[in-house]
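Hi there,

Here is the structure I promised to pass on. Have a look, and my notes follow below.

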Amino acid sequence: MGKCIPITDKDNLWSFCPNVPAAILFAVLFALTSGAHIFQAHHYKTPFCWAIIMGALWEMISFVIRVPSIYNPTSLGLYNPWFLLFLLAPLWINAFCYMLLGRMVFQYLPDRKLYKLRAQRMALCFVVLDIVSFIIQIGGGLLVLSKNVQTKQTGLHIYTAGLALQEFFIFVFVFLVFSFQRRLKHEAGPEARRKAKKLLITMYLSLALISIRILYRLLEFASSFTSKLTQELWYHEVWQYCFDALPMFLALVLFNVIHPGTLIPGDKSKFIVPVGTELSGHEKTENSSNEAVMVERSA
């Protein structure tokens with residue numbers, strides 16, 4: 001155990017007596033999945049996996065910093081970084097799901113569109129929405145770090161608004177995933193459906209784990225600090241591991257087991273139309289060359 005001081009001490013930044021071995025364990029676990037994702041992204045030549053790598057690294061770094069913070073419970077220089085990284089890391093994993101669906105639409109649907117929205121633009125739109133949620137949550141998270149009770153409460157309200165917005169975007173996104181799945185049954189061949197099904201199941205599970213984590217944070221922060229539920233969640237470390245750290249670790253491992261690079265490797269994970277592939281009218285207008293057309297986007 002680290003250095004525990006009474007939670008009533010005004011200088012103590014922790015609301016419980018944190019466990020050092022648990023922090024070390026999860027630092028190691030996140031390091032392992034981070035290393036695996038870096039290797040897989042390089043091996044399968046899928047540069048868009050940088051998003052999930054960022055999520056894994058932020059989780060790992062947060063727990064690495066958490067250990068010395070436990071031994072120095074009054075140090076803002078240690079507590080603030082781990083707290084913000086831990087709160088915001090899941091947004092990278094969320095963004096990765098958005099980026100992955102765009103590539104699946106491009107790879108498996110003949111017109112490379114969903115609801116008349118091109119795969120590249122669809123992925124970019126949801127990444128932008130994720131960034132909006134990110135900005136709101138980081139703004140609220142910074143205010144939560146304040147020692148002023150009123151400022152902290154305002155920060156909690158802002159952060160929970162960002163969480164609610166993130167979950168709303170996930171619901172809209174899941175609707176698009178369902179639509180993609182329906183079209184896949186009628187417009188793709190057996191092999192394409194088989195590959196896409198693996199990625200879809202992995203994506204659904206990952207989004208479910210992210211949603212569990214969002215629900216936990218909403219329940220933890222949405223009420224006032226005087227409510228019994230908030231006190232239970234806020235003053236007991238075990239819930240952080242059960243409903244935040246563990247779900248995010250499992251979400252990362254899911255994409256290690258069913259890595260997109262095994263099914264959409266190399267150039268197929270980029271928005272590239274191969275030579276000889278029939279283009280839509282709009283694409284023909286934009287691409288007059290008979291050479292391979294690269295339309296890769298950062299998303």
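A residue is called buried at under 20% relative accessible area, exposed at over 50% and partly exposed in between, with a 1.4 Å probe and protein chains only. By that rule, 50% of the 299 residues of the protein chain are buried.

Please keep in mind that this is a predicted model, where local features need pLDDT of at least 70, side-chain atom pairs count only at pLDDT 80 or more, and totals for chains, interfaces and linings use all residues. Residues are numbered from 1 along each chain as its sequence is written, and side-chain values use heavy atoms, leaving out hydrogens and water.

The pLDDT (the predictor's confidence in each residue, from 0 to 100) has a mean of 87 for the protein chain, with 88% of residues at 70 or more. Over residues 279-298, however, it is below 50. Where pLDDT is low, the predicted coordinates should not be read in detail.

The protein chain has 10 helices and four strands, taken as DSSP runs numbered from the N terminus (helices: H or I, at least four residues; strands: E, at least two).

The axes of helix 6 (residues 190-221) and helix 8 (residues 238-257) come within 9 Å and cross at roughly 165°. Axes are lines fitted to C-alpha atoms, for helices over the stretch in contact, and angles run from 0 to 180 degrees between N-to-C directions. Residues in contact (heavy atoms within 4.5 Å) include Leu205 and Leu209 of helix 6 and Phe243 and Leu250 of helix 8.

Best wishes
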